[in-house]
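The stops below go from the whole chain to single residues.

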Amino acid sequence: MEYTLEKYRRHGNTFATSVLGDDDIFTAEPENIKTILAVKFKQFDLGETRRRTFHPLLGDGIFAADGPQWEHSRTLLRPSFTRTQIAATDLHERHIQRLISRIPRDGSTVDLQELFFNLFLFGESVESLRLGSSAGSSSFAHHFNVAQDEIAFSMVIAPFDQLIFRPRFRESVREARGYVGNFVKKAIEYRHSLDAEKHAGDTTDSQSRYVFLEELAKETDNPSDITDQILNILLAGRDTTASLLSMVFYNLARRPDIWDLLRSEVATLDGKCPSFEELKQLKYLSWVINESKFNPV
């Protein structure tokens, strides 16, 4: 990150590079990014290098697809970001309390980012934050991280990455996708149970909340397709959230004045789990989070 930041400082918001014969354009210019991601979205694609390097882990999910495939993935993902889903703060409280319980009380150093990266869900808890959590969840987190590191390496050395034999990458992809496959199997069984109920004439809607994995299973019973989508949404939600939370607490640890002001505002909740509406009223909390996205406060 520091290396890339220095490049922007030296050359400006947009510059071109050539590495191993591969020509690239880097940009941090807001208007360029808006044009690519919104204004002229359909005039750009991911490129063959990204599709090829991402595919072993992410398949044909939203981060490795273009055109109709991307639109289909986006349609499946959209319900996860509705107001109802965002507002369900009670769904996260148990996991947040478990994360807090993992923080030492004796003043010793703790790597919060490692805990933040274990805040991932598959429609049910995998207990990744519980002390003595299952070897499966810990192994998945390890292999998911290794696979992402290997993908990043492939992007750097492309197109020569195909000449390198990387057994660690293949193992991590196999293990990560295999672990998700356990949850995919449950989702497919759920879909078949719904089909059986409909066939028997039972039209009762027993689902109380939106579960992404279960909704995917209603659209397809192809295990590979569902695994692709799950890993893509996990990549999107896990890494970005963990990175933001890490930056927030990095800033708070260095600014006791901000910590004191934030604590005073949060104290107005009297220790209660906040609702979505109550969270919206914490204006200083919003400022701290928004500032941490872009700048050390």
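Start with the whole chain. Among its contacts (heavy atoms within 4.5 Å) between residues at least 6 apart in sequence, 61% join residues at least 24 apart. This is a predicted model, in which local features need pLDDT of at least 70, side-chain atom pairs count only at pLDDT 80 or more, and totals for chains, interfaces and linings use all residues. Residues are numbered from 1 along each chain as its sequence is written, and side-chain values use heavy atoms, with hydrogens and water left out.

Switch to a cartoon view. The chain has 14 helices and two strands; these are DSSP runs, helices being H or I of at least four residues and strands E of at least two, numbered from the N terminus. Of the 297 residues, 31% are buried (under 20% relative accessible area; exposed is over 50% and partly exposed lies in between, with a 1.4 Å probe and protein chains only). With a surface on, the chain exposes about 18,700 Å², and carbon and sulfur atoms supply 56% of that area (Shrake-Rupley method, 1.4 Å probe).

Now colour by pLDDT, the predictor's confidence in each residue from 0 to 100. The chain mean is 83, and 86% of residues reach 70 or more. Helix H12 (residues 256–266) has the highest confidence at 95, while helix H5 (residues 83–86) has the lowest, at a mean of 62. Select residues 127–134 next: pLDDT is below 50 there, although the stretch has 21 contacts in the model beyond near neighbours in sequence. Where pLDDT is low, the predicted coordinates should not be read in detail.

Select residues 167–199, helix H9. Its 33 residues should span 48 Å at 1.5 Å a residue, and the end C-alpha atoms are 47 Å apart, which agrees; the expected span is 1.5 Å times one less than the number of residues. Centre on Asn 182, where H9 bends by about 30 degrees (the angle between axes fitted to the seven residues ending there and the seven starting there). After H9 comes Gly 201, with a positive phi near 95 degrees.

Stay on H9 and pick Ser 172. Is Ser 172 buried or exposed? Ser 172 has a relative accessible area of 1%, so it is buried. Leaving aside neighbours within four places in sequence, show its contacts: His 143, Val 146 and Ala 147.

Finish at Asp 270, in the loop between H12 and helix H13 (276–280). Asp 270 is not a glycine, yet its phi is positive, about 55 degrees. Its relative accessible area is 66%, so Asp 270 is exposed.
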